[in-house]
Amino acid sequence: MSRGAAASRRLAWLLCAPALAAMLLVAAWPMLHALWLSLFRYDLRFPDRTEFVGLHNYLSVLGSEVWWQALFNTLLITVASVSVELVLGFAFALVMHRALVGRRIVRTALLVPYGIITVVAAMAWRFAFDPVTGFVDALPGLDHAWLAERGPAFFVIVQTEIWKTTPFMALLLLAGLALVPEELLRAARVDGAGAVQRFRRITLPLMRPVILVALLFRTLDAFRIFDTVFVLTRGAQDTESVSLVGYNTLVTRLNLGLGSAVSVLIFLCVLAIAALYIRGFGIDLSRREEGR
Amino acid sequence: MRPASSDQRKCHARLALCLGIVLLAMAGCDGQGRQAVPVLNWYVFDEPSGAFAAAARRCSAASGGRYRIRLAPLPTDADQQREQLVRRLAAFDPAIDIIGMDVIWTAEFAAAGWIRPWPRPLAGRLRAGRLASAVDSASWKHRLWAVPFTTNTQLLWYRRDRVPRPPATWDEMIDMAESLGPDGTIEAQGERYEGLTVFFVSLLASAGGSVLTPDGSRPSLETGPTRRALELMRRLGNSPAADPALSTAREDQARLAFETGHASFMVNYTYVWPSARANAPRVAAHMGWARWPGVVAGRRGRVTIGGINLGIGAYGRHPDLAFEAAACLASEPNQRLAATRGGLPPTLGALYDDPDVRATFPFAGLLRETLRDAVQRPQTPFYADVSLAISRTLHPMRDIDPARDAVRLRHAVSRALRSEGLL
């Protein structure tokens, strides 16, 4: 490494230092604190009775039917919503990319749901699916207590998520579409490739890194789902997500030890998902530009 | 690029200046605070009619400048009120002087040391004339921890044009409703939340049982009454007379459904009466009220008591003034105001004979009678855990298996009392 390179490296670290310090302060410290708390029996109501219990809280959580059920529910919601979002998001991205007239209006209109606060969107859907006040039940053949049964309740939760975050997916994919060189597509056309072939053989492979990044972001986001479920069912009809279990334990029951153990486990799950994408599918977050 | 050193110096100078101004401003605030009238913050749910604000103004004026009460509104949902308060109290917040406490928080807040017990002579004076069940809801371990302010309980609301006389028991009501056909619906609270706990505790008490032993340390859940209550919940959950959305219904969904006119029975709090008169006068014209149905023939129904008691924050700066102010807020004129303007039933028994109060609550006599027999929700510092255990085990009502779930419930409640495991 030359002297110049070393200096610019040092400068890079210096420039990163404030951000790094902030991250350590607001992210790493609470995480370590949660890890510490999770080793204690600690109730916020009775701080005097705090005692060290080692891994007991983890065993208690992992031995509980509630945790595994919630984990299954969360994975179900994540897989269902993210896969539909990918397909729909791609369709929207193509529409936005190819729109000839009213491009700005189309883009703005598609982004509206993403601009709405999740709680508000969930409330709106809750009222929409309510048998008394909702419009869905007024449609022919849809008279049903949607949130009162497990399957339909999952459907409402997943569709609320899809409605809300498909625009985010579409936006990320649109950025990827802009990376596909137009001349390549034209050349393929000249060679006689059809629209489907061009999409499968050129667009998709070139967009692979972008798609994986979009999927990673959305999967991590969907896995931590809280507000939609909280507003729609509060976890009833077996729709509880892991974040809701954490909330119940930490915020309602004030059980800091057990609740921190749940939080740490959620964090480990998120870490596992990220590792799966980065190692398993080979996303390279730092060198996308050079790889192309 | 490195910033030039002169820029750096300028930046530091600016920062120091800003800090100086902030510090000066803070000092200024503090100085003013010391000279002015002590401000007592009253944390209570956001009461829409303005009755609480008026009470706060009255008491501040009556204090002759010794204190001023500042209203700090909390969310209307009791769970969210508790969430906000608990986090601040656990952090020793000195800005919480007076707390509008839901009746179910008494034992928890007292055991955690977040509120102060009322001094004995004052407590004795405050108990006088107040409904015993309301005083009981504010007591724990033989001490008064809050002054009973407003109260509430559920009544049975029914359609007089469809039902000749109100049913005395739940079985009778379900029979009646089933024979009425599509309009025979019964509206109740079946969502997995506090309301389901209220429903179960009321049924259990009406059947002669209780959730905890008198000292609150162990589950009681006597086999006979528990099975009876669970059988009724199962019957209601599977009855064609139940609202199809029963398992997601809270108080407000029940109210709205009753106001459409397609329901004939509803168990709900008294606020449904002014609401029906305003929103659905045609339904209100035929609306009758009766005691919450019993579970056992010949024994009257018992319902849980709700309401707001005023507690004094343990970390407040002016506890003596806060006791005085809370006593004033919960005094007769302010209870009358809360009743007539805000529709919140009083805890002073005599007010139920007051003509203004009777005009607001035409069912005042029935309400007082129901409150006299009211049952307390389990009085334990672990109430939040116990309630979660009950509502989780018994939801949805249609899937209850009385024999199996009586055992599950006992197990869940004893785990909750030890604050063990996930719920």
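Q: How close do the side chains of B:Asp77 and B:Arg250 come in their salt bridge?
A: The salt bridge between B:Asp77 and B:Arg250 has an N to O distance of 3.7 Å. This pair links distant parts of the chain, 173 residues apart: B:Asp77 is in the loop between strand 2 (68-74) and helix 3 (78-90) of chain B, and B:Arg250 is in the loop between helix 9 and helix 10 of chain B. Bear in mind that this is a predicted model.

Q: Which residues is B:Arg250 in contact with, leaving aside neighbours within four places in sequence?
A: The contacts of B:Arg250 are A:Arg234, B:Asp77, B:Gln189, B:Glu191 and B:Tyr193. One of them, A:Arg234, belongs to chain A.

Q: How many salt bridges does the structure hold over all chains?
A: The count over all chains is 40. One of the salt bridges is formed by A:Arg45 and B:Glu108, at 2.9 Å from N to O. A:Arg45 lies in the loop between strand 1 (40-41) and strand 2 (51-52) of chain A, while B:Glu108 lies in helix 4 (residues 106-112) of chain B, so this pair joins two chains. Both partners are buried: A:Arg45 has a relative accessible area of 1%, and B:Glu108 has 2%.

Q: Which residue forms a salt bridge with B:Arg235?
A: The partner is B:Asp175, and the closest N and O atoms are 2.6 Å apart. The pair links distant parts of the chain, with B:Arg235 in helix 9 and B:Asp175 in helix 7 (residues 170-180) of chain B, 60 residues apart. B:Arg235 is partly exposed at 27% relative accessible area, and B:Asp175 is partly exposed at 41%.

Q: Which residues do salt bridges that share partners join into one network?
A: The network consists of A:Asp43, A:Arg45, A:Arg253, B:Arg82, B:Glu108 and B:Asp385.

Q: Which side chain of opposite charge is nearest to B:Asp102, which is buried yet has no salt bridge?
A: A salt bridge needs a nitrogen and an oxygen within 4 Å. For B:Asp102 the nearest side chain of opposite charge is B:Arg377, 4.4 Å away. B:Asp102 lies in strand 3 (residues 98-102) of chain B. Not counting residues up to four places away in sequence, B:Asp102 touches B:Ala78, B:Gly307, B:Ile308 and B:Arg377.

Q: Which residues form a positive surface patch?
A: The patch is made by A:Arg98, A:Arg103, A:Arg186 and A:Arg189. A:Arg98 is in helix 3 (residues 65-98) of chain A and counts as partly exposed at 44% relative accessibility.

Q: Which residues make a nonpolar surface patch?
A: A:Ile117, A:Val119, A:Val120, A:Met123 and A:Phe127 make a nonpolar patch of about 460 Å². A:Ile117 sits in the loop between helix 4 (103-115) and helix 5 (118-128) of chain A. At 57% relative accessibility, A:Ile117 counts as exposed.

Q: Which residues does a cis peptide bond join?
A: The bond joins B:His395 and B:Pro396, with omega about -10°. B:Pro396 is in the loop between helix 17 (383-393) and helix 18 (402-417) of chain B.

Q: How many helices and strands are there in chain A?
A: Chain A has twelve helices and two strands. Its C-alpha trace spans about 75 × 75 × 30 Å along the principal axes. Of the 292 residues in chain A, 44% are buried. Chain A exposes about 16000 Å², and carbon and sulfur atoms supply 69% of that area.

Terms used: Residues are numbered from 1 along each chain as its sequence is written. Chains are lettered from A and ligands numbered from 1 in the order in which they are written. This is a predicted model: local features need pLDDT of at least 70, side-chain atom pairs count only at pLDDT 80 or more; totals for chains, interfaces and linings use all residues. Side-chain values use heavy atoms; hydrogens and water are left out. Patches are made of residues with over 30% relative accessible area and no salt bridge: like charges are joined within 9 Å, nonpolar side chains (Val, Leu, Ile, Met, Phe, Trp, Tyr) within 5 Å. Accessible areas come from the Shrake-Rupley method with a 1.4 Å probe; for residues, only the protein chains shown count as cover. Lys and Arg count as positive and Asp and Glu as negative; His and the chain ends are not counted. The place of a charge is taken as NZ of Lys, CZ of Arg, CG of Asp or CD of Glu. Helices (H or I, at least four residues) and strands (E, at least two) are DSSP runs, numbered from the N terminus. Buried means under 20% relative accessible area, exposed over 50%, partly exposed in between (1.4 Å probe, protein chains only). Contact means heavy atoms within 4.5 Å.
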